[in-house]
Amino acid sequence: MAVSSPKDKYFSVWLIFFLLGLGTLLPWNFFMNATMYFTSRLKDSSLVDSSANQTEAAGEHRSVLEAKFNNVMTLCAMLPLLLCTCLNSFLHTLISQHLRVMGSLLIIMFIFIITAVLVKVPLEPLPFFSITMVKIVIINSFGAVLQGSLFGMAGLLPTSYTTPIMSGQGLAGTFAAFAMICAIASGSELHDAAFSYFITACAVIFLSLLSYILLPKLEFFQFYQDKNRKQRPDKENSVNLMNTESKEEVPGQTTQQNVSMVKIFKKIWLLALSVCFTFTVTIGTFPAITADIKSTLNGRGSWDLYFIPVSCFLLFNLCDWAGRSLTAICMWPQKDSVLLPVSIVCRLVFIPLFMLCNVQPRLHLPVFFYHDGFFIVFMIIFAFSNGYLASLCMCYGPKNVSPYEAETAGAIMAFFLSLGLALGAALSFLFRALV
């Protein structure tokens, strides 16, 4: 006799997945939105002194570390994200979910505490650059484990429970951008603003940690965890191999696991490639190109100071969040519709559109879209389409397979999402060099 599922009282499980989604991308977004702080500590003092009264000259004569910071930061974030998501796809049977999630959140929080402390420690540009990149590698490595585990957990629940993760990830960027704007608006010295900014991140990560501790105690979540254990066939349960007894006794079980993953991939390959392509286009241009676009409304008060924090980071994250959240009430096109991959491919147009905006410094291409308004319109459509289309793919993926395969399908989708991020990071060097 079928047992009806309990209700998610007060939407508590939904809100916890939202907070955990926030925790997966908040670290990366806090680092990315703090580029003004990081690059300020990478300036060559001789160049700053010689061009102190020439803003444009300072832009043209940036130090090598300052000029390459956005590209290297993106690459150091996305490659570990890809590698660790791949490892998580295979190792989720070896390491308990509790250890993966709790361990990742604790390490990420520790990195932010170190980052906040280092705000007060004077360092030369090269050591500061190196330490910052190591921290970015660490937080994105453990962020990948956290993200893969989270999508796997959501795959066991109804379809709508992938949406809070995507929505939480979207809010992570919005929250980080808004926090940076508030820090700038406070009028504090940049270093003081950065300290409070990173402490805020620590507090949010701690809140995510507490919410995960509460999750297993909720009846709704327990019900689906138990349901998954009962539905998993004995043969599939044997794929939780690598226990010392069966490892030597039945060597063919490793093949069984590989065959299972290939079978699952065949069911979701188009959705997996679609989410990969979506993020390749997005990270290929944002922030490596978009963060270097300069306002053409010179002399308009403090607009120059707020232009990138507002028009690039805050606007992107607000529209991305709106796109991700829309899937909670509207899921169109359907998962088998050709319109979904076609819409994703059409986003390629944003690469030349942003390259032809007022990116500075530039060597090759002319500025075609000079006015700030063009950039703002492009950013709204670019960000909304990224959030909406990526969220659709991530929601559809785990539901294209059998219930007991959903966790693995979620991990595969998370891997291809990370692959798209890494490909975009690598291509960002090429796209920026072409401008």
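This tour goes to a cavity and then to a helix pair in a predicted model.

Residues are numbered from 1 along each chain as its sequence is written. Local features need pLDDT of at least 70, side-chain atom pairs count only at pLDDT 80 or more, totals for chains, interfaces and linings use all residues, and side-chain values use heavy atoms, with hydrogens and water left out.

**Stop 1: the cavity.** Select Leu25, Trp28, Asn29, Arg324 and Leu421, which lie nearest the centre of the largest cavity among its 25 lining residues. A cavity is a set of points on a 1 Å grid over the protein atoms alone where a 1.4 Å probe fits but cannot get out, and lining residues have an atom within 4 Å of a point. The volume is about 310 Å³, taken as the space filled by probe spheres set on the points, which are joined across faces, edges and corners.

Next select H1 (12-33), which gives the most to this lining, six residues. Helices are DSSP runs (H or I, at least four residues) numbered from the N terminus. Colour the lining by class: 13 nonpolar, 10 polar and two charged residues. Nonpolar means Ala, Val, Leu, Ile, Met, Phe, Trp, Tyr, Cys and Pro; charged means Asp, Glu, Lys and Arg; the others, Gly among them, are polar.

**Stop 2: H14 and H17.** Select residues 372-396, helix H17, with H14 (303-326). Their axes (lines fitted to C-alpha atoms over the stretch in contact, with angles from 0 to 180 degrees between N-to-C directions) come within 6 Å and cross at roughly 30 degrees. H14 and H17 are therefore roughly parallel (angles under 35 degrees). Residues in contact (heavy atoms within 4.5 Å) include Trp303 and Arg324 in H14, and Asp372 and Tyr388 in H17.

Conventions:
1 Å grid on protein atoms, 1.4 Å probe; cavity = no way out; pocket = protein on both sides within 12 Å on 5 of 7 lines; lining within 4 Å. Helix = DSSP H or I, 4+ residues; strand = E, 2+ residues; numbered from the N terminus. Parallel < 35°, antiparallel > 145°, perpendicular 65-115°, else oblique.
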